[in-house]
Amino acid sequence: MNRRATGTGGWAGRPLFWIIVLVVIALGVGYLYRPQGQANQDVRRSFFRTTPDGAAALARGIERLGRTTAPRLTPLADADPVRGTIALLEPPAFLSPREIRGLLDRLREGGTLLYIPSYGPEGVVRWESPLMDSLGVSFRMRSLPDQVRELTLEEPEWGEHALTAGLGPPGSFVHGLRIDGEDYPDSTGVHDVRRLLTAGDPGTSDWEWIVAAEFAFGEGRVVIFSEGGPISNERAGNHPLAVLAVRAALAYTSEADTVFFDEFHQGIRGGRTRAEVLRDFFLGSPGGRTLLHLVAVGFLILACLGLRFGAPSPAVAPPDLERRSPLEHVSALGDLYRKAGADNTAALLLVARLARTTRHVPPHTTAEADALLRKLDVGAGANAPLGRARSGLGANPPDLVAMAAGIDEYLASRG
């Protein structure tokens with residue numbers, strides 16, 4: 001039966017075909033497990049992110065209006081000097097004490113900080129970062145009923161300032177700040193606090209919380225916001241707080257200076273190679289690990305299917321071994337047929353070879369084989385080659401060696 005008849009021929013029987021199929025399947029699985037920006041739950045106000053939670057739109061807006069923007073991928077200590085305007089937007093990681101000291105030194109020398117503190121995950125008691133403590137900034141505590149009822153601050157109102165001139169309705173906010181430097185200017189070095197946007201406490205009518213403010217720190221300036229949602233890509237296009245952030249960056253950054261977006265504390269590090277990116281995908285994500293296992297199993301199957309064990313016997317005899325003679329080969333083959341109980345089948349195969357050579361129909365039974373030998377052995381005696389073959393055929397079991405020798409001698413005499 002040929003390969004085409006059994007369905008194993010053509011492309012389906014070639015390992016290359018299955019390798020291509022495996023690659024296509026791997027690409028399909030990789031596409032299904034690709035990162036979904038719209039469904040990303042890990043919120044980061046990153047310079048690089050163009051997803052709804054990122055801050056790429058804010059950076060591009062500042063760039064288009066005449067100030068250079070760039071990501072900072074190194075820490076604020078023991079690395080590049082702290083320079084320019086630093087944008088620290090809801091960083092997931094806290095600054096170390098050495099970094100805080102370097103940043104505050106930069107502010108005292110006349111630098112600018114655009115700062116949005118991280119409130120922490122919803123449902124968890126809000127945290128005060130070391131930098132907030134150094135600046136005397138604290139969040140309004142949101143109680144569990146506030147979170148369940150989704151209460152927002154009441155009656156937000158712009159303060160009188162050049163940065164807020166002409167801005168539209170501010171919208172609603174859930175987080176508020178307090179700055180100790182308003183009441184105790186000497187406690188933290190904070191002074192000249194200017195409220196840019198305030199809102200009332202939903203629990204009391206006589207307390208205002210800061211949503212946006214600016215204050216001096218040494219010779220420098222800090223512009224602080226209570227939450228980062230309004231400056232995200234999703235809302236920056238039509239929210240006045242994003243306009244306020246752009247105005248502050250333009251007002252307090254010289255044309256020769258740069259607004260650096262702190263990406264290091266967003267968890268983004270520099271110097272990652274493509275190999276490291278692939279490694280993190282295949283080893284650090286569920287989808288990548290699934291795809292890696294599928295590829296490994298697929299190639300293991302292909303390796304097993306495509307493995308070749310070589311020919312049953314070498315094409316050239318090893319130099320240290322003497323090759324078998326035809327008689328020895330037939331003897332060994334006869335022993336195998338004898339052990340398998342197929343002596344008659346072997347005898348018919350020997351006569352079939354003779355029949356094809358002499359252009360006769362191969363026999364299917366022992367009687368037909370004897371008739372063919374008798375027909376070809378007309379006029380010869382029992383000692384003739386085919387006579388000995390007939391005698392071997394008539395033995396019980398058939399003498400395969402005698403038959404093979406007689407047939408070979410007869411064919412040699414004809415040729």
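**Reading the inside of the model**

Author: Begin with the largest nonpolar core, which has 33 residues. Leu58, Leu89, Phe225, Leu241, Leu244 and Phe261 touch the most other members. Keep in mind that this is a predicted model.

Reader: Which elements give two or more residues to this core?

Author: They are α3 (56-64), β2 (85-89), β3 (112-116), β7 (190-200), β8 (208-217), β9 (220-225), α8 (240-251) and β10 (258-262). The most comes from α8, with seven residues.

Reader: What lies apart from this core?

Author: Another core, of 29 residues. Among them are Ile100, Ile179, Val190 and Phe215.

Reader: Back to Phe261. What does Phe261 touch?

Author: Leave out residues up to four places away in sequence. Then Phe261 touches Phe47, Leu58, Ala59, Ile62, Thr69, Ala70, Pro71, Arg72, Ala87 and Leu89.

Reader: How do I read a helix?

Author: Start with the general idea. An α-helix has 3.6 residues a turn, so residues three or four places apart point the same way. Now take the case here. In α3, the residues Ala56, Leu58, Ala59 and Ile62 are buried. Seen down the helix axis, the buried residues of α3 fall within an arc of 165 degrees, so they line one face of the helix.

Reader: What do the buried residues of α3 pack against?

Author: They pack against β1 (68-72), β2, α8 and β10.

Reader: Which residue just after α3 takes a positive phi?

Author: Gly66 does, with a phi of about 110 degrees.

Reader: Now for empty space. How is it found?

Author: Rolling a probe the size of a water molecule over the atoms shows where empty space is left. In this structure there are two cavities of 30 Å³ or more.

Reader: What is the volume of the largest cavity, and which residues lie nearest its centre?

Author: The volume of the largest cavity is about 80 Å³. Its lining has 12 residues, and Pro91, Ala93, Phe94, Tyr115 and Ser129 lie nearest the centre. By class, 10 lining residues are nonpolar, two are polar and none is charged.

Reader: And the second largest cavity?

Author: The second largest cavity holds about 40 Å³ of space. Leu58, Leu89, Leu114, Ile116, Phe225, Ile231 and Ala245 line this cavity. By class, that lining has seven nonpolar residues, no polar and no charged ones.

Key:
Residues are numbered from 1 along each chain as its sequence is written. This is a predicted model: local features need pLDDT of at least 70, side-chain atom pairs count only at pLDDT 80 or more; totals for chains, interfaces and linings use all residues. Side-chain values use heavy atoms; hydrogens and water are left out. A nonpolar core is a set of buried Ala, Val, Leu, Ile, Met, Phe, Trp, Tyr and Cys residues joined through side-chain atoms within 4.5 Å. Buried means under 20% relative accessible area, exposed over 50%, partly exposed in between (1.4 Å probe, protein chains only). Helices (H or I, at least four residues) and strands (E, at least two) are DSSP runs, numbered from the N terminus. Contact means heavy atoms within 4.5 Å. The arc is that of the directions from the helix axis to the C-beta atoms. On a 1 Å grid over the protein atoms alone, a cavity is a set of points where a 1.4 Å probe fits but cannot get out, and a pocket is an open set with protein on both sides within 12 Å along at least five of seven lines; lining residues have an atom within 4 Å of a point. Grid points are joined across faces, edges and corners, and a volume is the space filled by probe spheres set on the points. Ala, Val, Leu, Ile, Met, Phe, Trp, Tyr, Cys and Pro count as nonpolar, Asp, Glu, Lys and Arg as charged, and the others, Gly among them, as polar.
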